[in-house]
Every structure is written in C-alpha cells, then in structure tokens.
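Colleague: Could you take one spot in this model and walk me through it closely, then work outwards from there? I'd like the cut-offs spelled out as you go.

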Amino acid sequence: MTDSSAPDRPSPHLPLRTPDLESLRLLVLVADLGSLGRAAERLRISQPSASRRLSTLERGLGLVLVDRTRRGSRLTLAGQVVTGHARSVLAELDDLLTGAGKLRERREAELRVAASLTIAEYLLPTWISELRSRRPELYIELQVTNSERVPELVEAGEADIGFIEGPRLSRVMSTRQVAEDRLVVVVDPGHPWARRREPLSARELSRTPLVLRERGSGTRQTLDRALHLAGCDRARPLVELGSTAAVRGAVIAGTGPSVLSELAVRGDIVEGRLTGVEVAGVDLTRDLRAVWPTGRRLVGPAAELVAVARREVTVQRPAGAAPASPSPQ
C-alpha cells in the first residue's frame, strides 16, 4: 500500500542530445572571453548562430549555462561545472588528435615488409630502391621467411604488406598479383639430364629424388601442385634445404637435380654453371602476389610498393632454358 502523503520524487532528467564538440568549444570560449560575441568571432561564426548553438546546448542538457546581459555573458553555477567537464573533454580530444597524428606520421615514415626468400633476394631490392628514390626518408624493415609464414606475420600486424610465391594461402587475405615467375628444372652440366634430347616427363620428374626447399616454401608448393595437376605424386626429396642459395649451391656441386625459380638460376644458366632441362606435360608457372588483411584498404607506402612492383617487374626466361610445355587439356 502506498503512502499518498509522501511527496512525488522527480524523475531523473535525461539529456535530450549528446553535446557536440563545437558547442562545448563555444561554452569554454564564453567562459574565457566573457562575451558571446567575442566567442563567436573567435570561432568565425555569426553571433546569432552562436546564440542558437548555445541555446541548443542548454536545452540538450536541461540546464541554464549562461546569463546574457548587456554587459556581457556570465556563466551560471551550472555553467561553471559543465565548462570544467567541457575543458576535460576537449583536452582529451586534443590528446587523441595529437596521438593519431603521430601514428600517421610514423606510418608514413615506416614500412614493414614480409617476403618469401625468392622475392626478397631477387625482386625486392629493386622495388625498395625505386620506392626510396621517391621517399628517401622512408625506413623499411624486411622480414624474410617462407611463403607459408608471410600471411601469419601480416595478419598479426608484424608486417604492413607481404609478398608470397606459393599457389595457396595459409590465411584468408586480400591479394594482388605483382608479377609472374616460372620454375625451371636445373642440373649441373655433368648430370645425364644435361645431355637429354627429349624433354623429361612429369612422371620422371616426380619419381626422381630432388634437392628441394623445405615444406611451406612457395617453390615447393608450386612444384607439388603442378605435379598433382599433371596426375603425379608429390616431388621426392633427396635433400631439403632452407634457402634458395643453399639449393643452388648443392645442385652446382653435383648433389642432384632441382626445380628453382628462373629468377634464381638465370645467371647460372647463362654462365654455364647449371643447365636448364625441358619438362613436358607440367605447368611450372606461378603468380607472385602481394597480401594484406581482408577488409583493410591498402594505403600509404605499402600501396606505393605494390604499385612499384606491378610496374617494374618483367620476368624474363633464362637463356638456355626451354619454355615449359603446357599442361595437358
């Protein structure tokens, strides 16, 4: 049973509208300058506009903030309290904008790149040189790893842009082709394959132990996929090595045949250290791609580096290596 003699409690007042920042700036200026007209002049708005803005603020808060007289404008007690809060809000906003500006400057002055070994060794130096010729102040950090690891670094925020050479991604990412590459079967000049008159078959290649990059490398992924599409088993490793340079050295030393990027062996074939071997029935071409997180727009130095890569790269076949035969239809 309710007590009808008890006084009614006023319902708590709820603001009709969240104050906008410019109205808070106006209120603070009125407090500092003691005049609505001078505050309006400082904000470069008309006095009637300032008066309407202040009235809207007061209605939104349900408070009278300023006493307007012929001698000027004076804050009420409520106005003084609200102005104190407004100063805090505006100071926090200034800190936010200053911090965002510093982050933007840092982003514009720094680029973190993750790239697979082949791209890092044979393409990125040219791309980076071109980009730094336009942005000499730009600091570039490069992490070199295999194609499987690159998307992980980009997704984790440890790199702004990544470059991979493999046919598949370990993460769902945005991608853009920047160049095309082709793998080449190579042997040392004393190997029996160096004297073959007929192309190797895909099956011969799949059944021969090879000097290979480690699993997870783009080169290994491309080779395994090409053999699978040709109806053959994956490549059989004779030796697995962690870098292209190590594989090249092993093949030159006579360890066994390998399949490497034409970017890596072009000079060796021209100078006779390696011999390219034609293969029939298997497509060893591959796309080289830039990768970045899905949903994020590519901007700043990262976007510029991708543009440089797409414009600068023209992959040429190494002398002495026959073009790969198309896969059977």
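Colleague: Where is Arg 44 placed?

Modeller: Arg 44 is in the loop between α2 and α3. Helices here are DSSP runs of H or I with at least four residues, strands are runs of E with at least two, and both are numbered from the N terminus. Before going on, the ground rules: this is a predicted model, so local features need pLDDT of at least 70 and side-chain atom pairs count only at pLDDT 80 or more, while totals for chains, interfaces and linings use all residues. Residues are numbered from 1 along each chain as its sequence is written, and side-chain values use heavy atoms, with hydrogens and water left out.

Back to your residue. Arg 44 counts as exposed because its relative accessibility is 79%; the scale is buried under 20% relative accessible area, exposed over 50% and partly exposed in between, with a 1.4 Å probe and protein chains only. The backbone is worth a look too: Arg 44 isn't a glycine, yet it has a positive phi of about 60°. For background, most residues other than glycine have a negative phi.

Now the helices on either side of that loop. The axes of α2 (residues 36-43) and α3 come within 9 Å and cross at roughly 105°, so α2 is roughly perpendicular to α3. Axes are lines fitted to C-alpha atoms, for helices over the stretch in contact, and angles run from 0 to 180 degrees between N-to-C directions. Under 35 degrees counts as roughly parallel, over 145 as roughly antiparallel, 65 to 115 as roughly perpendicular, and the rest as oblique. On the α2 side, Leu 36, Gly 37, Ala 40 and Leu 43 meet Gln 47, Ala 50, Ser 51, Arg 53 and Leu 54 of α3, where contact means heavy atoms within 4.5 Å. By class that contact has five nonpolar, three polar and one charged residues. The classes are Ala, Val, Leu, Ile, Met, Phe, Trp, Tyr, Cys and Pro for nonpolar, Asp, Glu, Lys and Arg for charged, and the others, Gly among them, for polar.

Helix α3 (residues 47-61) also packs against α1 (residues 21-33), at an angle of about 105° with the axes 10 Å apart. That makes α1 roughly perpendicular to α3. Here Glu 22, Ser 23, Leu 24, Leu 26 and Leu 27 of α1 meet Ala 50, Arg 53, Leu 54 and Leu 57 of α3, and the residues divide into six nonpolar, one polar and two charged.

Stepping back to the chain: it has 12 helices and 13 strands, and 43% of its 329 residues are buried. Of the contacts with a separation of 6 or more, 75% are between residues 24 or more positions apart. The chain exposes about 18,100 Å², with carbon and sulfur atoms supplying 49% of it; areas come from Shrake-Rupley with a 1.4 Å probe, and for residues, only the protein chains shown count as cover.

Arg 220 counts as buried because its relative accessibility is 3%. Leaving aside neighbours within four places in sequence, its contacts are Leu 212, Arg 213, Glu 214, Arg 215, Pro 237 and Glu 240.

Leu 124 is found in helix α6 and counts as buried at 0% relative accessibility. Not counting residues up to four places away, Leu 124 touches Val 113, Ala 115, Ile 119, Leu 142, Phe 163 and Leu 305. Leu 305 is 181 residues from Leu 124 in sequence, with the C-alpha atoms 9.4 Å apart in space.
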